[in-house]
Amino acid sequence: MTRLLAAPVIEPSQRAARIQAVEKDIVLPLRFLVVAILCYYFFFTRWFDIPGAATASEWTLNHAKMLKEIFVVYALLSLAVGATFIWSKHLTLRKIQWIVFTMGIIDGAMMGVLTCLTEGFGSDLYWVFLALVVRNAMAIPVALPQLVLNFLVSLAFLAGGLLAPLVAPPLDEDAWKGESSERMIVLIAWSLCCYGIQLLFEKQKRAEAEATEFAVRQERLRTAGRLAAEIAHQIKNPLGIITNAAFCLQRAVREGEMAVDEQIDIIREEVNRADQIITELMGYAQLAEGTVESLEVSHELDTALQEVFPPAAKYQVKINKTYDPALPALLMQKRHLSGVFVNILQNAREAMNGHGEIDVSAAYGENDSIRILITDNGPGIPADQIDKIFEAYFTTREKGTGLGLAIVKHNTEMYGGRVDVQSKLGMGTQFALEFPARILMRLSK
């Protein structure tokens, strides 16, 4: 039930752009219109002297000046917020959220005061409260802040309605109570409905975006697989012919007693090496066989750590984990992402000989990406080897294949990501991985 009601994760840049668009293109014009209308009523009409608008109350007359001053402050705040959203292009998501949330509370409080002066629960400003609820749902996609803000807006209407009898007692108290209950129930139900509609809209939008991402990434893998298979097929045939020719040439030379055996052996050795490389390349043809999945980075990191450092092995390695909450999912084949994490962690374990400390972190990167850092306090990598560690078959260990970090680089770049390494002798090594959460979003920029 909790997962069903939970809003989908929205990347920070998307959320900030959405809030700014709603505030600048929709809310701002409406806010200026409301401020202009209120300005007209406050300063160019005898609003407080109109019978039926609570003007007969001494309380209203005594506080009219104070209310006008409050309205002036409210109007200036509205102008300042509008100017901020129009001209400021580098607001962080946190600042935008606080501005919207704070102005939502101020809007509700201002409308609550006016509700108190305009017939309370029977005020036509009730419809403004319904509009505020819709605006909050559009501007704040996160469940808790949205529901809290709409609850406070509803509370402002309730306070305005309850205080209204102090200004002008209702003519029919029973009708007043009935109307107050009905309108409060509708307002609260409307808040919940707006959240539900917004939730369904976001999930549908996310499902469509992920479906497109799945299709794009799967097609990339199919293309890579077909290309690798074609290259392997085209090259292995001539390699077989070269091998047979070299064998026949060697036999002929032996019969003629010509001293060219050393050269022939070199040819065959290089052919075998090339054949081994092509065989590895043929493995890429299997890329099309898997399926792209929606993977949670924190879960995949934990799984890789469990695989490389199983509790039963009792490695004396301290692991520090720092994951940002609610990271977007990565659309990849599970074995590709696992291969990246496992190979880096295995390298760290072997470099430290099973004794040391590893820091693993996952956080938001630039351009809607996920940045993963894996740091060990091992002996480090010599400066003259840093540029070679991602090359296939390069290894400094006797039993190493030299393919682990080559796989890391290949799998990362295949999904539009990148991998960097920083290391100092005696101070450890850090691998920095960056994966785009959305390929299409990067291509469109």
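Me: Where does leucine 163 lie, in which helix?
Reply: This is a predicted model, so take what follows as read from that. The helix spanning residues 143–167 takes in leucine 163. The helix in question is H6.

Me: Is leucine 163 buried, partly exposed or exposed?
Reply: Its relative accessible area comes out at 44%. Buried would need under 20% and exposed over 50%. Because 44% sits in between, leucine 163 is partly exposed.

Me: What separates the C-alpha atoms of leucine 163 and threonine 115?
Reply: Along the chain, leucine 163 and threonine 115 are 48 residues apart.

Me: How do H4 and H5 run, roughly parallel or roughly antiparallel?
Reply: H4 covers residues 93–117 and H5 covers residues 126–139, with axes 11 Å apart and a packing angle of about 175°. Angles over 145 degrees count as roughly antiparallel. That angle therefore makes the pair roughly antiparallel.

Me: Which residues of H5 make the contact with H4?
Reply: On the H4 side, the contact includes Val100, Met103 and Thr115. By class, the residues of this contact split into 7 nonpolar, 4 polar and 2 charged. From H5 come Val128, Phe129, Leu132, Arg135 and Ala139.

Me: How are H9 and H10 set, oblique or roughly parallel to each other?
Reply: The axes of H9 (residues 297–308) and H10 (residues 334–351) come within 9 Å and cross at roughly 45°. Roughly parallel would take an angle under 35 degrees, and roughly perpendicular runs from 65 to 115. H9 and H10 are therefore oblique.

Me: What is the handedness of the H9 and H10 crossing, and how many charged residues are in the contact?
Reply: The crossing is right-handed. Glu300 and Glu307 of H9 are among the residues in the contact, as are Lys334 and Arg349 of H10.

Me: How many charged residues does the contact of H10 with H11 have?
Reply: H10 also packs with H11 (residues 404–414), at about 145° and with the axes 9 Å apart, in a left-handed crossing. The contact includes His336 and Asn343 of H10, plus Ile407 and Asn411 of H11. It has 6 nonpolar and 7 polar residues, and the charged count is none.

Me: Is alanine 329 buried or exposed?
Reply: Alanine 329 sits in the loop between strand E2 (316–323) and strand E3 (330–332). Its C-alpha atom is separated by 9.5 Å from that of serine 298, 31 residues apart along the chain. Its relative accessibility is 12%, so alanine 329 counts as buried.

Me: What joins the side chains of glutamate 434 and serine 369?
Reply: Glutamate 434 is in strand E7 (residues 428–436). At 10% relative accessibility, glutamate 434 counts as buried. Its side chain is joined to that of serine 369 by a polar contact of 2.8 Å.

Me: What share of the residues in the protein chain is buried?
Reply: The chain has 12 helices and 7 strands. Among contacts with a separation of 6 or more, 76% are between residues 24 or more positions apart. Of the 445 residues, the buried share is 40%.

Notes:
Residues numbered from 1 in each chain as written. Predicted model: local features only at pLDDT ≥ 70, side-chain atom pairs only at ≥ 80, totals over all residues. Heavy atoms only, no water. Helix = DSSP H or I, 4+ residues; strand = E, 2+ residues; numbered from the N terminus. Buried < 20%, exposed > 50% of the residue type's maximum accessible area, 1.4 Å probe, protein only. Axes fitted to C-alpha atoms, helices over the stretch in contact; angles between N-to-C directions. Left-handed = near helix turned anticlockwise from the far one by under 90°. Contact = heavy atoms within 4.5 Å. Polar contact = N/O pair within 3.5 Å; in protein donor to acceptor, adjacent residues only side chain to side chain. Nonpolar A, V, L, I, M, F, W, Y, C, P; charged D, E, K, R; others polar.
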